[in-house]
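Grab a pencil and take a look at the chain below.

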Amino acid sequence: RSPAPLRREGVAAEPPRREPLLLPPRSRPGALVAAATMSAAGRRQGASLLLAACAVLAASFPSAAAWYVHSESYVGKDFFTKWTFFNTQDPSKGHVEYVDYPGAVASKLVGASDDEVFMSADMHSVVDTKKSRRSLRLQSTKTYGAGLFVIKVKHVPTGCGVWPAFWMYGEDSDHKWPAWGEYDIIEGVHKATVVRTALHTNSGCDQSGVIAGKDFSTTWTKGDTKNADNCDVKAQGQFKNQGCSQEGPAASFGAELNLKGGGTWAAEWDPAAGGHFRTWFWPDGSEPEDLRRKEPEISSWGKPYSYFTLKAPACSPSHFQNLRLVFTLNLCGDLAEVHYNESCPEFAKRMSCQELIQKHPETLKDAFWQIRTLDVYMPQLPPNAGPDATAASPRPTTPAPPAPPKPAAAKPATAALPGKPVGVAPPGRPLAVVSPTKPVPPIAKPAAAAQPGKPAAPPAESAVAVPPAK
């Protein structure tokens with residue numbers, strides 16, 4: 001992207017036999033030309049003006065920072081072929097039964113069309129006291145080493161007992177969480193109306209030098225005795241596994257967001273050129289025009305609401321590697337349990353979070369995601385960047401598993417996730433995931449919930465954050 005031509009201003013009169021400093025026509029600010037054509041009597045003042053003008057001129061040329069090219073659009077009828085379904089015990093102690101793809105289809109928990117994706121918990125059944133409510137956790141088959149991830153959401157899950165998140169994390173059998181880090185883009189619990197964005201790492205990722213109001217537009221989340229500005233999950237003065245966390249703008253989550261038609265998040269992970277994580281949010285209809293064209297011009301977006309540095313010595317980029325995209329729709333669980341009494345006093349005085357989730361599906365009428373777009377952009381160097389310039393890798397850092405085949409009558413296959421998904425399975429129980437191998441059903445509208453005390457008819461067919469345990 002070449003810089004826009006600089007405006008040419010009036011040039012001071014030249015003294016006899018003195019040639020002006022020659023510069024390319026598009027790089028000739030009036031101030032610089034004036035300084036170059038001054039008489040001997042004004043050289044001292046001209047020298048200062050020349051230095052200032054050179055600084056302006058240098059700043060006008062493009063840096064080696066990465067810019068972004070559209071790489072993939074997830075939303076479409078084949079959406080669920082690009083994800084694996086985590087269907088073992090929830091590592092964060094949620095009252096959920098994460099189902100595989102066939103189970104999700106049978107229970108009408110998923111649906112996809114060309115322009116929208118639907119994912120929900122079971123919002124209708126009364127659950128036996130010895131069982132958990134069916135819900136979803138999806139993880140992308142691809143892993144990434146950098147990128148710009150843009151998601152437009154029409155509806156986020158919300159309500160007492162609900163803990164949804166859209167996030168990224170890395171892990172395999174040799175690198176247990178949080179060795180490869182975690183980036184929470186969208187997260188909230190219960191009836192929250194402000195999103196939280198956070199990082200989770202091992203020791204050595206201190207964000208205390210990042211200043212609220214200067215580097216990002218909002219505020220730090222509070223820890224136990226200090227701001228949650230250290231990404232180490234064992235940081236002193238913060239809650240266990242809290243990591244570094246920042247608050248989002250007003251009405252960026254929950255019922256308020258949904259009533260306004262949702263919104264768009266742009267999450268930039270730039271470990272090389274810029275050395276940071278940055279996150280922006282726009283209410284529905286206010287997204288930048290360049291983003292609507294899928295030609296993001298990040299420099300025009302203004303200050304992000306969330307910013308974390310990835311520059312040594314504060315925080316090495318090596319804390320974050322091979323990250324997958326993840327959607328979760330957890331119910332109760334460690335984080336939600338901590339905030340249950342304060343967030344849902346009308347229920348907390350009569351029943352536990354688990355009892356609410358099991359016996360009162362009518363409170364879960366908003367426990368679903370509606371995703372309009374999810375686009376990935378890969379970093380590239382500007383066309384006129386210098387020969388020594390570098391940009392973040394434009395490709396996943398590890399080979400992505402191939403998308404599952406789609407034979408006409410094949411049944412969904414069960415396969416082990418490369419490495420291990422979040423958490424560690426109990427002995428003898430591998431972490432199983434399922435990828436769909438047949439067409440995804442169309443989006444189904446949520447059915448009416450049961451009334452209190454009455455079992456609902458089944459469908460027609462049917463931090464204290466923990467290691468990546470959303």
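A disulfide here is a pair of cysteine sulfur atoms within 2.5 Å. A disulfide is a covalent bond between the sulfur atoms of two cysteines. This is a predicted model, where local features need pLDDT of at least 70 and side-chain atom pairs count only at pLDDT 80 or more, while totals for chains, interfaces and linings use all residues. Residues are numbered from 1 along each chain as its sequence is written, and side-chain values use heavy atoms, with hydrogens and water left out.

**Exercise 1.** Find how many disulfides the rule gives, and which pattern they follow.

Solution. Step one: apply the cut-off, and the count is four disulfides. Step two: count the bonded cysteines along the chain, and the pattern reads 1-7, 2-5, 3-4, 6-8.

**Exercise 2.** Describe the link between C160 and C344, and say where its two ends sit.

Solution. Start with the sulfurs: C160 and C344 are joined by a disulfide, S to S 2.1 Å. Now place the ends, with helices (H or I, at least four residues) and strands (E, at least two) taken as DSSP runs numbered from the N terminus. C160 is in the loop between strand 8 (147-155) and strand 9 (162-169), and C344 is in the loop between helix 7 (340-343) and helix 8 (345-348). The pair links distant parts of the chain, 184 residues apart. Last, check accessibility, where buried means under 20% relative accessible area, exposed over 50%, and partly exposed in between (1.4 Å probe, protein chains only). Both C160 and C344 are buried.

**Exercise 3.** Work out why the disulfide of C231 and C244 counts as right-handed or left-handed.

Solution. The sulfurs of C231 and C244 are joined, S to S 2.0 Å. The torsion about their S-S bond is about 85°, so this disulfide is right-handed. C231 lies in the loop between strand 11 (196-200) and strand 12 (244-247) and C244 lies in strand 12, so the pair ties together parts 13 residues apart in sequence. C231 has a relative accessible area of 0%, so it is buried. C244 is buried too, at 0% relative accessibility.
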